[in-house]
Amino acid sequence: MPEDIHVNAVAFQEGENWVAQGIEYDIVAHAPDMPSLADAFTRAVIENMLITQHLGRVALDGIKPAPARFHEMFKNAKWEMRATKHHAGAEVALRFAA
C-alpha cells in the first residue's frame, strides 16, 4: 500500500438515503443511515485505490476532484461532526451538511 491517503467528504441526505461525496476525489457512496455511511464511503475509497493500483497506477491516480458545488457544500457545512475511519492506508473524514 502507498503512504496514507486522506480523503474528505461531504455527507447529506437525499430522499431517505444518505450520500457521501468525496471532495479531493469524485467518489460517491450511499447508505440508509448516517452510522453506515462512513463505512460505505471507506469501502468505496479502498475499492477505488485497489482498482487504480491493479491498473498499474498510484492509488486514486486519475480520479478527478468532485464538482465545485460539492466543495462549496463541504466548505459551508453547518454540522461539523467528523467521522473518521482508518483502513488499508486510507483515512476518511466526513463533514455533514445540514
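Begin by selecting strand β2, residues 17-22, which is mostly covered, since five of its six residues are buried; buried here means under 20% relative accessible area, exposed means over 50%, and partly exposed lies in between, with a 1.4 Å probe and protein chains only. Strands (E, at least two residues) and helices (H or I, at least four) are DSSP runs, numbered from the N terminus.

Before going further, note that this is a predicted model, in which local features need pLDDT of at least 70 and side-chain atom pairs count only at pLDDT 80 or more, while totals for chains, interfaces and linings use all residues. Residues are numbered from 1 along each chain as its sequence is written, and side-chain values use heavy atoms, with hydrogens and water left out.

**The whole chain**

Zoom out to see two helices and five strands, which follow one another from the N terminus in the order β-β-β-α-α-β-β. Of the 98 residues in the chain, 43% are buried. The chain exposes about 5,600 Å², of which carbon and sulfur atoms supply 52%; accessible areas come from the Shrake-Rupley method with a 1.4 Å probe, and for residues only the protein chains shown count as cover. Among contacts between residues at least 6 apart in sequence, 49% join residues at least 24 apart, where contact means heavy atoms within 4.5 Å.

Now move to Asn 8, which is found in strand β1 and is buried, with a relative accessible area of 13%. The side chain of Asn 8 makes a polar contact of 2.7 Å with the side chain of Glu 24; a polar contact is a pair of N or O atoms within 3.5 Å, where within protein one must be able to donate a hydrogen and the other to accept it, and residues adjacent in sequence count only if both atoms are side-chain atoms.

The structure holds one aromatic pair. Select Phe 12 and Phe 70, whose rings are stacked, at 6.1 Å centre to centre and with 20° between the planes. Rings of Phe, Tyr and Trp (its six-membered ring) pair if their centres lie within 6.5 Å, and planes under 30 degrees apart count as stacked, over 60 as edge-to-face and the rest as tilted. The pair links distant parts of the chain, with Phe 12 in strand β1 (residues 5-14) and Phe 70 in helix α2, 58 residues apart, and both residues are buried.

Stay in helix α2, residues 68-75, and select Glu 72 and Lys 75, which lie three residues apart, about one turn of the helix. Their side chains meet in a salt bridge at 3.7 Å, N to O, and a search of the whole structure finds one such bridge; the term stands for a side-chain nitrogen of Lys or Arg within 4 Å of a carboxyl oxygen of Asp or Glu. Are these two residues buried or exposed? Glu 72 is partly exposed, with a relative accessible area of 39%, whereas Lys 75 counts as exposed at 56%.

Select Thr 52, which is found in helix α1, residues 34-54, and is buried, with a relative accessible area of 3%. Leaving aside its neighbours within four places in sequence, Thr 52 is in contact with several residues, including Arg 57, Val 58 and Leu 60. A polar atom of the Thr 52 side chain lies 2.8 Å from the backbone nitrogen of Leu 60.

Leu 60 lies in the loop between α1 and α2 and is buried, with a relative accessible area of 2%. Although Leu 60 is not a glycine, it has a positive phi of about 70°.

**Last stop**

Finish at Asn 76, in the loop between α2 and β4 (79-87), which is partly exposed at a relative accessible area of 41%. Asn 76 and Arg 95 are 19 residues apart in sequence and 9.8 Å apart in space, C-alpha to C-alpha.
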